[in-house]
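Welcome, and thanks for taking a look at this one with us. Below is a short briefing to read alongside the coordinates.

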Amino acid sequence: MLALVVSHLLVALALPWVAARNTRAAFTVAALPPAAALVWTLGHAGAVLGGQEIVESLAWAPRLGLEITFRLDPLALLMTVLVSGIGVLVLLYCPGYFGPGSADGRRSAPLLLAFAGVMLGLVLADDLLLVYVFWELTTICSFLLVGQSGISREQRRSAMQALVVTIFGGLVMLLGFVVLGEAAGTYRISELVADPPGGGAMAAAAVLILIGAFTKSAQLPFHNWLPAAMVAPTPVSAYLHAASMVKAGVFLVARLTPVFAGVVAWPVLTAVFGLLTMIVAGWRALHEYDLKILLAYGTVSQLGFVMVLVGAGTHTGAVAGTAMLLAHGLFKSALFLVVGIVDHEAGSRDIRELSGLGRRLPWLVVIAVPAAASMAGLPPTLGFLGKEAAFEVFLHGGAGQAAIAAGLVLGSVFTVGYSARLLWGAFANKPGIPATAAHAPGAGLLLPAAVPALAGVVLGVVYPAVDELSAAYAAVFEAGTDPYHLALWHGLNLALLCSLIALAGGLVVHAARTPITRVRGRLVNPLNAQRAYERSMALLERVAVGVTGRVQAGSLPTYLGIILLTVLAVSGTALLTRSTPIEQFRAWDRILQVPLAIAILIAVAGVVRARRRLTAVLLVGVIGYGIGGIFIIDGAPDLALTQFLVETLTLVAFVFVLRRLPVRFTQSDPAPGLRWVKMLIAVGGGVFMAFASMIFSSARQTPSGVSEQYIARAEQGAGATNVVNAIIVDFRAFDTIGEISVLAVAATGVASLILTSRHERRRRRGSLPITERSAADESAAPGNAGAAGPIRPGTGEDPQGRDPRQEEVRE
Amino acid sequence: MSDAIATGMLAAAGIYLLMQRGFVRAVIGFLLLQHAVNLLLITARAPQRDEAPIVPLNTPSDPLGQAFVLTAIVIGLGSVLFLLAVALRYSRLRNAAVVEQHPPDSAARSSRDPGATGADGRDDRADGGTQGGDELP
């Protein structure tokens, strides 16, 4: 399985080269890895349905317990068939849609394949963290595919919205994963399902993970990114935003429902938000004129529907959920591809412009009708099976269940309504609108759309196959005495009645579309998700600008002040509330310390008050040598030697720099009032340091174990009598290498800074116009090229006239 | 105690100078702060003994802190030299008044919230070279 995922990505890496030469070939090549994945998965279908699971694991950071684990179980099987199967079809459809040599096509081929790879990884992953990684990778692919060239503002905005919303959800979900994984002690999904953890943390994990799933599957109130993402090319919408990526949220809920069986919030939240989404988006879809947007709201609505089912946590719910998952993937991708063909051949997908296409494109109608029938839930399609099962889930419970069932019926009414609207809008003869001209689509466009549409019908007829798959996933849940099975005919029962109500209601809604749209126009719409998103983004930007402006004041003293105040507040508090008392309180250890300390104090005071730069620098030298003296007294001769040497070098460097600077310090303090604040902070810092010094020097009574070992081993281990030397060049030699590297870097920096100045100076000095000079050269050049040239004023450095600049000019 | 006072004084002066506007004063402040930290490391040894850690030894002072400070001194030299080179370059550019406007920089500056520009929000070129100084924004 790992090989399959990796092969997708590798081929995707190589694909740009192919795409640059031939887009058709690129899409054909791109279809190969998903096809391989499909064949491989179907080859193992029998074993998986028989209860066997295929697991592959690669420990890539065993110390951290991180591993790449893939597992093919019934749910993964279903999703793989969708992801890879639809992937192959969409990739084969692409060349016809994009046309040869289109830039979008060149860009999309590798991206679509990469997406297919990461999506495959997502559905096969058995590790929560791995799921998260693939989850975010699909988001990135979606961003790139929606944004395409990014030329139009709408593309950029939509891509950004999809990215922001789903990344936000993904991060929240990651938190949930961590909570869940830590509560259970494992991140393996199969282990979590086998032994679900309990405790209060689970409710938090449930909410966090659901937020992630809701954003990805475009549930209320995060649904708006999906209709916005319809600016993407239609094959991309068909694949990412109908069949696979948006399914990830629902898939995740289906995966984790057994884990959260004990959490009350899980089914409640999925039911409430799923139902709301189903009804609201269905209502929106009834009024859209753009066929693609209509389908997008339809997708949102259906995802809400599936969310209710897979979150229910019952055996029947699982059966219905998986059936609907499969059904929706098939009919929605088929319908998107059909709309893509309409758009491609007729040049429009606006209901108000299309008319009479049914007669011109009969084959397209043949494809669209079964797909729409599956969406509306008509027998004998897979959609009908799923919907029957779905009503069955909630028909045998209390009032709450009945309410959900009623909501589902209402949602289904809308579903039938917009299914009819889609067919009518795309193909019907509309009075008052001239018949739309359209080319006949080629088989390359029709076939990929026809396969999923037909599959929806065929699978509806041979329902035992789907039932086996659904039952295999649903086996996790308690089945009861009489488990539900998918079938076309369950006898005259309540579920069938619900289906009939939905069908009739939907047709009525479609027939009454004009008055209903008028009613909608009169309704006030206080909550607009798109406006909410835009407002929150604008608010975020304002806050960011405000915070940046305040925090990044652009003033060094401010930054330093803040840092120091933090040090004083945090570390200072720790020092004051310490447990170590100052035990050895002595004025001095050796009398010689006193005069040295006094000298340092005086010099320090002088440095602060100095007006002339040289005075300050000389006093700095005094301080440095004083410190060296203290080192000697404190028993550190090596330090003292180094200190003397370094201090001398520093002095020399300072003097070199001071040559170039004014004699006195600039004494312009723009804010004299702040002087006292600065002093206060400085004094606070000084007191803090002095206090720390006293505490640190009495905190420890015995040498640390490391020091003892160094002292004990210096002579035998390093052959050195000087322990400090042994540490520097032997025990901690790597530190010293690092130190030398730092010095080398600093030296490089100093050299380049100084050399730049010199180079510039030279350039400025020789600012003689080049034309004039070269003319002079030419007159002088013949005959005496190597001899003494004319001496020019201004250059002055080279009487031979052979500075490098001149050589350049001659060439 | 006397070490501690010296440490505190050095630190206070270092911080004060670092918060000044002159570049060279800031470098000096940096240097003083560095001395303070070195002293702190040396005095934080245990036990408090004054004999150099050279074999043969009876009561050696802690060699580990010394090794650290030795490294710190040398690194400090590198930093100070680098800062001095920057100071040199900086003052030269200011004096020459030829600070080239770096497009991304100026874009960032103008895109900044006008009310939130740095406390003195002025352009480096406007007063460059008049004082011949090394002031920092």
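A salt bridge here is a side-chain nitrogen of Lys or Arg lying within 4 Å of a carboxyl oxygen of Asp or Glu. By this rule, the count over all chains is 12 salt bridges. Please keep in mind that this is a predicted model. With that in hand, let's go through the salt bridges, the contact between the chains, the domains, the annotated spans and some backbone details.

**Salt bridges**

- One pair to bring up on screen is Asp73(A) with Arg255(A), whose side chains form a salt bridge with an N to O distance of 2.9 Å.
- This pair ties together distant parts of the chain, as its two residues are 182 residues apart.
- Asp73(A) sits in the loop between β2 (66–72) and α4 (74–98) of chain A, while Arg255(A) belongs to helix α12 (residues 247–256) of chain A.
- How many salt bridges are counted between chain A and chain B? The count there is zero.

**Where chain A meets chain B**

- Chain A brings 105 residues to the contact, and chain B brings 88 residues.
- About 8400 Å² is buried between chain A and chain B, and carbon and sulfur atoms give 72% of that area.
- Seven residue pairs are in polar contact between chain A and chain B, counting pairs with both residues at pLDDT 80 or more.
- Which helix gives the most to the side of chain A that touches chain B? That is helix α29 (residues 674–699) of chain A, with 15 residues.
- Sorted by type, the residues on the side of chain A that touches chain B are 61 nonpolar, 26 polar and 18 charged.

**Domains of chain A**

- Chain A is divided into four pieces: domain 1 (1–263), domain 2 (266–512), domain 3 (586–667) and domain 4 (723–768 + 802–811).
- Taken over C-alpha atoms, the centres of domain 1 of chain A and domain 3 of chain A are separated by 65 Å.

**Annotated spans in chain A**

- An unreviewed UniProt entry places "domain: MrpA C-terminal/MbhD" at residues 599–662 of chain A.
- In the model, residues 599–662 of chain A are 84% helix and 0% strand, with end C-alpha atoms 28 Å apart.
- UniProt also lists "domain: MrpA C-terminal/MbhE" (unreviewed entry) for residues 677–755 of chain A.
- Residues 677–755 of chain A come out as 87% helix and 0% strand, and the C-alpha atoms at the ends are 40 Å apart.

**Annotated spans in chain B**

- According to an unreviewed UniProt entry, the annotation "transmembrane region" covers residues 23–44 and 64–88 of chain B.
- Residues 23–44 of chain B are 95% helix and 0% strand, and their end C-alpha atoms lie 32 Å apart.
- For residues 64–88 of chain B, the model gives 100% helix and 0% strand, with 36 Å between the end C-alpha atoms.

**Backbone details**

- The peptide bond from Leu220(A) to Pro221(A) is cis, with omega near 0 degrees.
- Pro221(A) is found in the loop between α9 (201–216) and α10 (225–228) of chain A.
- A cis peptide bond also runs from Pro379(A) to Pro380(A), with omega near 5 degrees.
- Pro380(A) lies in the loop between α17 (362–376) and α18 (382–394) of chain A.
- Gln148(A) is not a glycine, yet has a positive phi of about 50 degrees.
- You will find Gln148(A) in the loop between α6 (128–147) and α7 (153–184) of chain A.

Key:
Residues are numbered from 1 along each chain as its sequence is written. Chains are lettered from A and ligands numbered from 1 in the order in which they are written. This is a predicted model: local features need pLDDT of at least 70, side-chain atom pairs count only at pLDDT 80 or more; totals for chains, interfaces and linings use all residues. Side-chain values use heavy atoms; hydrogens and water are left out. Contact means heavy atoms within 4.5 Å. Buried area is the accessible area (1.4 Å probe) that two parts lose on being put together, summed over both. A polar contact is a pair of N or O atoms within 3.5 Å; within protein, one must be able to donate a hydrogen and the other to accept it, and residues adjacent in sequence count only if both atoms are side-chain atoms. Helices (H or I, at least four residues) and strands (E, at least two) are DSSP runs, numbered from the N terminus. Ala, Val, Leu, Ile, Met, Phe, Trp, Tyr, Cys and Pro count as nonpolar, Asp, Glu, Lys and Arg as charged, and the others, Gly among them, as polar. UniProt positions are given in the numbering used here, feature names are shortened, and annotations may be inferred rather than shown by experiment. Domain bounds come from an automatic or database domain assignment.
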